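Thanks, everyone. Let me put the structure up, and then we will walk through it piece by piece.

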Amino acid sequence: MAQILDGQLNLNEAELEALARVAKPKLYKHTANISGFYRSRTLINGGNDYAGLREYSPGDEVRAINWRASARSRQFQVHQYQQERGARWFICLDASASMGVPERHKWQLALELGDAFAYILLAGGNQVGLVTFNEKVHDYCPLGPGRHQYKKIHQVLQQLQPKDKGGNSLLHSCLSHIKQQASIIVISDFLQSDFMKHGLDRFCKSGHHLHAMQVISQHESELSADGLLTLSDIETGETMTIESTAQTHALAEHWLQQQSQELQTYCSEHRINYSFSSTNQHWKDILVKHISNL
Amino acid sequence: MFIWSSPLWLLALAVLPLIWWLHRFQAQSTAIPVSSLLYWKSSEADAKALKRGAKTDPLWLLRALIASLLIFSAAEPLWVENAQRNIQVWFDDSFSMQTMENDTDRTELALDELLTRLKSLEAVQAKIYSLSDPVYTPLLLETGSEALWKNKLNSWVKIRSTEMFVPLASQLPTEGEHWLVTDGADQELNDWLTTSPIHQLVQVGQATGNSAITLLSIRPGLKESRIWNGLIQLNHYGLKPVERTLELISGNHRLNQWTVTLKPEQIRYIDFDVDLGALPEEQQLIVRFINPDALPQDDQLGLLPIIQVPTRIQGSCPQPLIAAINTHPFLNTGIPGSSKAELNIICGDEVSNQQGKVLRFHQSSQPEKVDSAAVWLESAGELENLFLQQGWLGYIEKNHKPINSYPVLVADKTSLITLTESPQRTLDCYLDMNWPDFIHRPEYPVLVAGLIDRVLGNAILDNILTAERVASESRIKPLPIKQPVSIDSVGRSQSIAFDFTPYLIIVAIILLLVDGWLSRKKHLQPGKIVP
């Protein structure tokens, strides 16, 4: 893909390219294994299967190697038969107010993950769509392949901001825009009393395959001062007075871990690919880890 | 000695509890946004119970310290040496310093204020100078109690009705500091203040309204010598018009009374006639306001009307001369022998053994005709206007020439009239006052009256008696004083050993930087949205 990365989403394209190359076979296998998903071959140039040779990349099947051509060029060459119409993927990004709190890096990381996923999936020949949501769908990018689609998704993400305050994270609101079966990547902090279980259930029952990327700030359970403090829920506006101490922070940290654990258990029970990501991690590491666990 | 230069600033320390209060309750009143309250639920506690034991942001101590340092620096802490302060006090002892302010005059108020200020200093040597008399010995105050200083000041101060003698700034002693004590009513003194290195100003007085009798004048009436014409001049200064009643008295007799309305800055004249012949002798003629005002010293003027000059005639005077003397309206020739005569008219060479001035007409049985033109000399005064033709006059040869005399009327080389100043003012007339060609001339009584005026030194036929005072001295309103910039600061610096102010400011700035650094560090901590 051409250089189109700029603004607040300034990902390294070389890294994305390399990651896409590595991830392509893995994602291909993953989608192939998922029941109900299909791969189709669309004919290039009016129905001819064969599209030429290309350089070998890790993940390519050995049987696709053209040994004679490889010997001539002293590099492995594989037959290129088709442009994959590929699998359908939707990225559902939580743009509720909680994604901007307690630090901006949390939102930045969520954007980076969404953007990188879109790049990798589109580079792998998949069709990718984007739905951003809070208490309702905020932005919707219909499914599409290729570079043009990535531009659209990137542009939406580039301009996207979480809500200042108020609102909610209603994942199931995205369902109305996802008509066909697809793989759904949900990027959210899942900071709900039921860790958005209701929305996840609805998606599962609709036959979609889910990926849950939980994005949490490393400072989520920290406060700026000690003593008596008033906390305000950025979404509900509800306030609460606590005494900020080391013990208070430890309790909050414990709750977060417990909640993540519950979410992880729920995901494994429902064959949802779950990843925990913190703002002290790099998006690339999170993606590599997630893809390698597929 | 440690002192605060502006101690009122220390009152600002009262805001320190406010700083604590702001830190104590700001933390509670500002809600910190969090992504969810769920994970804090377990820490929720009884807010009221927590508020009671809540801790205040410890940064309040640092900020209170900064505020305290700034307040202390504004109060200017000084370490002052106990060295003796040398103060030159320039005291305005002009006429207006007698103005009454309630029950006390300005001089007393000024002395009290000066004394208070001097005694408030640790060690001081003060030298008080008079501004109205440059040769008046200054008063030195160095040791002693306040009561002693006050007695010294009271006995030293003398109010004078003269112009001010303000020294040039370059003539002021360079050592020590200079103070000025004044009521601010004199513009010249105020101007001097702005150009002189005066360190401290002691100003007293607030009264503004004052009326003054600035002139009383009488002269003989033209129609009748007993009736004299008089003139009174009134000046009023102040902000409001006033109604004043004044009276003209002689002894216990009230001769006249007027009620006048005087506007601010108005000069008003009152003319009157008075029959001096009906008044008791040697009694002053006085004009005065009945009710005193803020400055009673200018509410009265008086003069002694000299109606007739006591005159004694000795010797055998020719009849025409006797007649001329008797027709003079202001000579009293009927005084008793024991009374003192102001004028002795002697006919002949007899020597006067009386006090008073002498007009001597020399006599001889063989007078000679004056055959040269009679010429008045400079010492003749007004008599030089009297033309005496040589053909009218006869003269008497001198038997002796008076010592130290100088000629008044001469004919060629002959002195016809001479004047001697000592031991008695004596006018010797060598004209024959019985000369037939002269005794019928109208110039004859004029010459006699002129000689009387000349020996008395006063034109008593046109006698104007005046008593007056300088009107501007009656201005008592304190004028705006433009104080020099250096006032009250240079003098202090002479005794300052150490000024802590800059060091306090430097420490406060350093602490401010530390506070900024701590605040930023705290601000960057998680738990707050960082844009």
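Start with two helices of chain A: helix H3 (residues 104-123) and helix H7 (residues 283-292) pack at an angle of about 50 degrees, their axes 10 Å apart. Helices here are DSSP runs of H or I with at least four residues, strands are runs of E with at least two, and both are numbered from the N terminus. Axes are lines fitted to C-alpha atoms, for helices over the stretch in contact, and angles run from 0 to 180 degrees between N-to-C directions.

Before going on, a word on the source. This is a predicted model, where local features need pLDDT of at least 70 and side-chain atom pairs count only at pLDDT 80 or more, while totals for chains, interfaces and linings use all residues. Residues are numbered from 1 along each chain as its sequence is written, and chains are lettered from A and ligands numbered from 1 in the order in which they are written.

Back to the pair. H3(A) and H7(A) are therefore oblique to each other. On this scale, angles under 35 degrees are roughly parallel, over 145 roughly antiparallel, 65 to 115 roughly perpendicular, and the rest oblique. Which residues meet? From H3(A) come A:Leu109, A:Glu112, A:Leu113 and A:Ala116; from H7(A) come A:Trp283, A:Ile286 and A:Leu287. Contact means C-beta atoms, placed from the backbone, within 7 Å.

Now chain A overall. It has seven helices and twelve strands. Of its 294 residues, 41% are buried. Buried means 20 or more other C-beta atoms within 10 Å of a residue's own, exposed means 12 or fewer, and partly exposed lies in between; C-beta atoms are placed from the backbone. Take contacts in chain A between residues at least 6 apart in sequence: 75% of them join residues at least 24 apart.

Three strands form an open sheet, ordered E11(A)-E10(A)-E2(B), with mixed pairing. Two strands pair if DSSP finds at least two bridges between them. At the edges sit strand E11 (239-244) of chain A and strand E2 (31-34) of chain B, each pairing on one side only. Neighbouring strands of this sheet are turned by 40 degrees against each other on average, direction ignored. Strand E10 (residues 227-233) of chain A pairs with E11(A) in the antiparallel sense, over six bridges. A:Leu229 stands opposite A:Ile242 in E11(A).

On to chain B. It has eleven helices and 29 strands. Buried residues are 31% of its 531 residues.

Look at strand E13 (residues 242-250) of chain B. Nine bridges join E13(B) to strand E14 (residues 253-262) of chain B, running antiparallel. Their hairpin has two residues between the strands, and B:Gly251 there takes a positive phi near 60 degrees. E13(B) is also joined by five bridges to strand E16 (residues 285-289) of chain B, again antiparallel. What does B:Glu247 face? Its bridge partner in E14(B) is B:Gln257, and B:Glu247 stands opposite B:Arg288 in E16(B).

Last stop: an open sheet of eight strands in chain B, in the order E19-E18-E20-E21-E27-E26-E25-E23, with mixed pairing. The edges are strand E19 (331-332) and strand E23 (374-376). Helix H9 (residues 443-456) of chain B packs on this sheet, touching E18, E20, strand E21 (357-361) and strand E27 (426-429). The direction of H9 makes about 145 degrees with that of E21(B).

Technical notes: Two residues are in contact if their C-beta atoms, placed from the backbone, lie within 7 Å.
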